[in-house]
Amino acid sequence: MAARRVAGGCWQRALCLGRPCRLPGGRESYRSSSSTSALGKTVDNSQVTQEEIVLPRRKTWDKLAVLQALASTVNRDPTAAHYMFQDDPFLMPRNAANARLYSVSKESGRNAAKYIIKNFPQYFDKTFAEPHVPCLMPESLTPQTEGVSEEALRERIHLRMVKESVDMFDQLLQAGTPVSLETTNSLLDLLCFYGDGEPTPQKEQEQKEGLEDPEVNASEQKAPKRQFQRGSQSSGPRWRENNHAERIFKIMPERNAHSYCTMIRGMVKHEAYSKAYNMYIDLLNERHKADVHTFNALIRAVPFLKERFTERWELAKVRRVEQKKWGSADPQPSDIISEVLNEVEKRSFTAQDPDDANFFNTAMQVCCDLKDIKLAYQLNKALEKGDNWKFLDVDRLNGYWSKFFSLLCMMEQIEVVLKWYKEMSSSLFYPSPKNILDLLQALDAANQLEVIPSVWEDVKRLGFSRIQDLLEEFLSLMSRDQHPSEIQLAFAKCAEEIKAVHEPAGLGQVPLQWTGSALGHVVVLFARAGKTQDAWNMMEHFQKINRIPTDKVMDEFLNCAKQTNCPDEAIKMVKLAASLGLLSSQRLKSRTEEEFELSETQKKALESIKWDGDSSDSDSDSSDSDRE
């Protein structure tokens, strides 16, 4: 109330300032509150233009206006996981496998809830939610439109009520009410899809299994049974003669290409193959063009029409030639992808078919095959347009960004790659081991190996620290060249963690097996960081696993022993080389004598080392003397 009084007072003062006042002498004056003129200035009436105050009309705000305003101030957090995982911090996925498991589990629960709502709608007839969100409420399974009208017919078609839709259509014709071509085609779609019968849960499950297991269906279509080819089945054909679909199609006053294509696909679906080809001839006679789905259906029907393989092949080739002639053939992606993206990036689309969800993934794969990064950027821009991002679920989203990131590592500068990696990792997608290998190769090409320790932290978080190929690549890059001391210490820390993976950690966890190359890389990294004792502990593993260290590994260890002034470890190194029978043992002994200040005890220990090469030489000399 106080606010209303203040507002009313303000308007009254504004009106008073705009009213004319009578001055002595009969002249009128206006008060002006402009910042450029003083209040109370008297002016002549002819020089003043009176302004009318227009009150704005009342604006009716949407119930979601506040939420929309708040949403406009929030951007995506590159450090946060996908929004679907933020309800429970325990379910934050670490990698793509966890994300798939959690998302599928959540979707399974959502489908279970939908099943309960669909089968028991009587328990969900009260709407307590405010604002009311229709898409979250159970769908009404009973017609709401009463009477005989085209609107009522469309509603029954939408509810998949086959018998009632046909009855409503016949009543409209009897009443002399014309039915539009679009509505009649929708009725034909319904009849051809369900085979002129009522939909049942069993039929819906069969349709669902057919969509989920296309490979099995494809194999069945490639090798049809002989009884199907002869057109006879034990249960009889499912496409009845003069059924409702054929009757309605014959009495239609106007037919377009959609009408013919629907009938052809329905006949092929329900195994009326001869009728489908006759309908295709009628389509040609009416000068209509078939779509790609109709041609695919006709090609699938070829094995059931011809007995001999050559006849089938010739008929399939004829259909394929017609398909290309009419422009219904599947075009090559590399030829038109740029033209398609020019149209896609300007609009926001809504999925109309289950295959629509594969568009962005398939297009990104084409960009990778073409190695065209500009095309990938254009596709990414189209994905961000409107609601196009809804085409990608968690699985497709991870696959899309994984391909995009691999293309970035191949084609872009390393600064751009690291920028995208920081923004995308764990928020848009979870890098796969292949993505990590691509990133390591990009870092190697750009000579920025100092970033490897941070990448290793991500590898541990993603749960890839036990993948042998990935560990070998990390160790190979870190040990290949000499780096400043700070970087070498960071590399040595990574090597310690990789070493821990190869050691028994607890019950039920099998340690990884050492390879000769991995063991040598770890020795080199410890040696360059000045960790002589750790390096020697790793050198002892060579003898345990029957592996031979390379000359580079032994030289790096000897350099480390020299820098840390550890002659005892150098002597142990010479003994190890001698026990393994290496040709470089004599050279290592000479280096030890020249580069280290040895005590008398250490000199005696070095001289007492027995060489396998000497014993073999003496044996060969004795054998030669015996021959003489």
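Just after helix α21, G463 takes a positive phi of about 80°. Helices here are DSSP runs of H or I with at least four residues, numbered from the N terminus. The model is predicted: local features need pLDDT of at least 70, side-chain atom pairs count only at pLDDT 80 or more, and totals for chains, interfaces and linings use all residues. Residues are numbered from 1 along each chain as its sequence is written, and side-chain values use heavy atoms, with hydrogens and water left out.

Helix α21 spans residues 452-462. Its buried residues are I452, P453, V455, W456, D458, V459 and L462. Buried means under 20% relative accessible area, with a 1.4 Å probe and protein chains only. The cover over these residues includes α19 (414-424), α20 (433-445), α22 (468-480) and α23 (485-501).

The largest nonpolar core has 94 residues. Such a core is a set of buried Ala, Val, Leu, Ile, Met, Phe, Trp, Tyr and Cys residues joined through side-chain atoms within 4.5 Å. W401, M424, I436, I452, F474, M478 and M539 touch the most other members. Helix α18 (residues 394-411) gives the most to this core, with 9 residues. Apart from this core lies another, of 40 residues, including F169, F295, A297 and F304. M424 touches W401, F404, F405, L408 and F429, residues up to four places away in sequence not being counted. Contact means heavy atoms within 4.5 Å.

Two helix pairs were examined. The axes of α18 and α20 come within 9 Å and cross at roughly 15°. Axes are lines fitted to C-alpha atoms, for helices over the stretch in contact, and angles run from 0 to 180 degrees between N-to-C directions. Helices α18 and α20 are therefore roughly parallel, a label for angles under 35 degrees, with over 145 counted as roughly antiparallel. Their crossing is left-handed: the near helix is turned anticlockwise from the far one by less than a right angle. S402, F405, S406 and C409 of α18 meet K434, N435, D438, L439 and A442 of α20. This contact holds 4 nonpolar, 3 polar and 2 charged residues. Ala, Val, Leu, Ile, Met, Phe, Trp, Tyr, Cys and Pro count as nonpolar, Asp, Glu, Lys and Arg as charged, and the others, Gly among them, as polar.

The axes of α22 and α23 come within 11 Å and cross at roughly 150°. That makes α22 roughly antiparallel to α23. The crossing of α22 with α23 is also left-handed. L471, L475 and M478 in α22 meet F491, C494 and I498 in α23. The classes here are 6 nonpolar, no polar and no charged residues.

Terms used
Buried < 20%, exposed > 50% of the residue type's maximum accessible area, 1.4 Å probe, protein only. Parallel < 35°, antiparallel > 145°, perpendicular 65-115°, else oblique.
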